[in-house]
Amino acid sequence: MIVIGIAGGTGSGKTTVVRKIIESLPKGEVAVIPQDCYYKDNAHIPLEERLKMNYDEPASIEWSLLVKHLKELKEGKNIEMPTYDFLTCSRQRETITVEPRDVVVVEGILVLTDKELRDMMDVKVFVDADADERLIRVIHRDCIERGRTPQMVIDRYVETLKPMHELYIEPSKRYADLLIPQGGHNRVAIKLLTDYIRSLLKPRNEI
C-alpha cells in the first residue's frame, strides 16, 4: 500500500488533484481518506457555539482516530470512516466503509501538520494557489454547499481562515516532497505525481 498525503490551503485545488490521481490509475485502485471526516464530534455543544468554533487548527481534528484507521488499512482491514455535517458542525451517525487499496490518499488542509500521520506517508504533496483564487473558490463552495452568505464567508476568511493558514498550513509546506503551484491547473506537476505513483506501484505489482 502506498499512502499519499495531499495538503494545501482551503480552496487550493486539492480535490482536483485527488480526482486526477484517481482518473490516472486503474478503477478501484485508490481509496480517499478526507481529513474533513475526522473533525471531533462536538454534538454535545450547542449549535450556536459550534458555528463559532475554529475548524482550521490541528486541535479540531481527531488525529488518533485517523492514524488508527490508516494503520488498519495498512493491515488489510476495512474501516468505518466517520462522516461530518458542515451545516450542523457535528459528526453524523452514518459511516462509510473503506476497503484497503493499493493507493490511499489522505487529503486535507492540515494533514502535513501531524507528525505521526506524516511519518506514515510515502509521498507528501502540498497544493499551492494564490490567496485571491482560494478565497473565490471558498465563497463559491460555502455559499452553494454549506448555506453561508458571501459576507459570512469573507468574515470567516479574515477572522479564521487567513490567520490559521499563515500559522499552520503554510508552514507545513516544508514537509512536502512535491509542491504543486497553481493548484489543479498545473497539469505538468500532476502528471509528474501520477507517473511517480505508477512507478511505485509497478514493482509491487510484479512481486
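Lys-68 and Glu-72 are joined by a salt bridge whose closest N and O atoms are 2.9 Å apart, in a model that is predicted. Both residues belong to helix H3, which spans residues 63-74, and they are separated by 4 residues, about one turn of the helix. Lys-68 is partly exposed, with a relative accessibility of 44%, whereas Glu-72 is buried, its relative accessible area being 17%.

| Salt bridge | N to O distance |
|---|---|
| Lys-68 and Glu-72 | 2.9 Å |
| Glu-99 and Arg-101 | 3.3 Å |
| Lys-115 and Asp-119 | 2.6 Å |

In the pair formed by Glu-99 and Arg-101, Glu-99 is partly exposed at 39% relative accessible area, and Arg-101 is likewise partly exposed, at 28%. Lys-115 and Asp-119, by contrast, are both exposed.

Turning to the strands, Cys-89 lies in the loop between strand S3 (79-85) and S4. Cys-89 has a positive phi of about 55°, although this residue is not a glycine, and it counts as buried because its relative accessible area of 4% is under 20%. Arg-93 is located in strand S4, which covers residues 90-98, and is exposed, with a relative accessible area of 85%. Between Arg-93 and Pro-82 the C-alpha to C-alpha distance is 7.9 Å, while the two residues are 11 residues apart in sequence.

How values were computed
Residues numbered from 1 in each chain as written. Predicted model: local features only at pLDDT ≥ 70, side-chain atom pairs only at ≥ 80, totals over all residues. Heavy atoms only, no water. Helix = DSSP H or I, 4+ residues; strand = E, 2+ residues; numbered from the N terminus. Buried < 20%, exposed > 50% of the residue type's maximum accessible area, 1.4 Å probe, protein only. Salt bridge = Lys/Arg side-chain N within 4 Å of Asp/Glu carboxyl O.
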